[in-house]
Amino acid sequence: MVLTHSNVDAFNRFLASTVGREKLCRLVQYFARFYSFYLFRKGAPKDVIQRWVDLKTHLGNGRKFFRLLKPVEFAQTGIKSLAVKDDVLRYTAVVKQGGMFFYYLTEMLVLANSINFFKFEDIKKYSKIGQRCWMTALTASLISSIYKFTQLQRRQHMLEKTRKYIVNTKEKSDAQIADLKSQEKILAKDKLAVKFQFVQDSFDIIIPSTGLGFLNVDEGVVGIAGMITSLLGMRSQWNKVNK
């Protein structure tokens, strides 16, 4: 691949966004989490392991600054979700946004404690509450994706029936065929978006599930899961700023 000015411009647009920088830091943070565990398993010197542990810790705190006041965004989105007509999508959306609202709220408390701005007696309690909220939000998102899959299957079935009707009828028009192709493209795009979200949530939920003790996996697995979802998040943000 040849590096061109357009490639650099696209990269700069990505880094110019707060989300882009935060996702890149998240990728490095979870790599450090994975690599420190890998070094530990290989019996590396303590000072080498600690270097990567410190990187993970400091990047975690740095990312919290990027996400300050994030609860406002999720509160607004949650309120807008109340207008969704479909009951299942409305309930899951409100739970997801509410969960993320409280998760980022606890993140602000954890940050204040980490930088010694305000010390809490039992900060681990607030951290656990945040993890539960994040896991609840991800669970709601997964339920929403599964429900959307069923809706997409119905849409696909209806389009297949429409296609058969158009093919078999003698009075088909170019407009009907064009409309059918347009709907099929929209359906394919919607299916891809739902699958993408489902995969991202499926890997993401490993992180709070492990932190809360519901899932028994090592730090290496958590690090890999975090790297995968970071790359997926970076892909989404890259496409968003480089359309």
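# Cores, helix packing and exposure in a predicted model

User: Which residues touch the most other members of the largest nonpolar core?

Analyst: The largest nonpolar core has 19 residues, and Tyr30, Met100, Tyr103, Tyr104, Trp134, Ile205 and Ile207 touch the most other members. At least two residues of this core come from each of helix 2 (18-41), helix 5 (87-114), helix 6 (123-168) and helix 9 (219-241). Helix 6 gives the largest share, six residues. The model is predicted.

User: What makes a set of residues a nonpolar core?

Analyst: The members must be buried residues of the nonpolar kinds, joined through side-chain atoms within 4.5 Å. A second, separate core has six residues, including Leu159, Ile166, Leu187 and Val194. In soluble globular proteins, nonpolar side chains tend to be buried together.

User: What does Tyr104 contact beyond its neighbours within four places in sequence?

Analyst: Tyr104 is in contact with Arg67, Lys70, Pro71 and Phe74.

User: Why is helix 4 called roughly antiparallel to helix 5?

Analyst: The two helices pack at an angle of about 165 degrees, with their axes 8 Å apart. Angles over 145 degrees count as roughly antiparallel, so helix 4 is roughly antiparallel to helix 5. The crossing of these two helices is left-handed.

User: Which residues make the contact of helix 4 with helix 5, and how do they divide by class?

Analyst: Helix 4 contributes Lys70, Pro71, Phe74, Ala75, Thr77, Gly78 and Ser81. From helix 5 come Arg90, Ala93, Val94, Gln97, Met100, Phe101, Tyr104, Leu105 and Met108. By class, 10 are nonpolar, four polar and two charged.

User: Why are helix 1 and helix 9 called roughly perpendicular?

Analyst: The axes of helix 1 (residues 5-16) and helix 9 cross at roughly 110 degrees and come within 9 Å. The range for roughly perpendicular is 65 to 115 degrees, and helix 1 and helix 9 are therefore roughly perpendicular to each other. Their crossing is right-handed.

User: Which residues make that contact of helix 1 and helix 9?

Analyst: On helix 1 they are Ala10, Phe11, Arg13 and Phe14, and on helix 9 Met234, Gln237, Trp238 and Val241. The contact of helix 1 with helix 9 has six nonpolar residues, one polar and one charged.

User: How do you know whether Val72 is buried or exposed?

Analyst: Val72 has 55% relative accessibility. Exposed means over 50%, so Val72 counts as exposed. Val72 is found in helix 4 (residues 70-81). Its C-alpha atom is separated by 25 Å from that of Leu231, 159 residues apart along the chain.

User: Why is Gln131 called buried?

Analyst: The relative accessible area of Gln131 is 17%. Buried means under 20%, so Gln131 is buried. Gln131 lies in helix 6. Not counting residues up to four places away in sequence, Gln131 touches Tyr103, Ile207, Pro208, Gly211 and Leu212.

User: What accessibility class does Gly211 fall in, and why?

Analyst: Gly211 has 37% relative accessibility. Gly211 is found in helix 8 (residues 206-211).

User: What does Gly211 touch, not counting residues up to four places away in sequence?

Analyst: Gly211 touches Lys128 and Gln131. The C-alpha atoms of Gly211 and Arg132 are separated by 9.3 Å, with the two residues 79 apart along the chain.

Methods: Residues numbered from 1 in each chain as written. Predicted model: local features only at pLDDT ≥ 70, side-chain atom pairs only at ≥ 80, totals over all residues. Heavy atoms only, no water. Buried < 20%, exposed > 50% of the residue type's maximum accessible area, 1.4 Å probe, protein only. Helix = DSSP H or I, 4+ residues; strand = E, 2+ residues; numbered from the N terminus. Contact = heavy atoms within 4.5 Å. Axes fitted to C-alpha atoms, helices over the stretch in contact; angles between N-to-C directions. Parallel < 35°, antiparallel > 145°, perpendicular 65-115°, else oblique. Left-handed = near helix turned anticlockwise from the far one by under 90°. Nonpolar A, V, L, I, M, F, W, Y, C, P; charged D, E, K, R; others polar.
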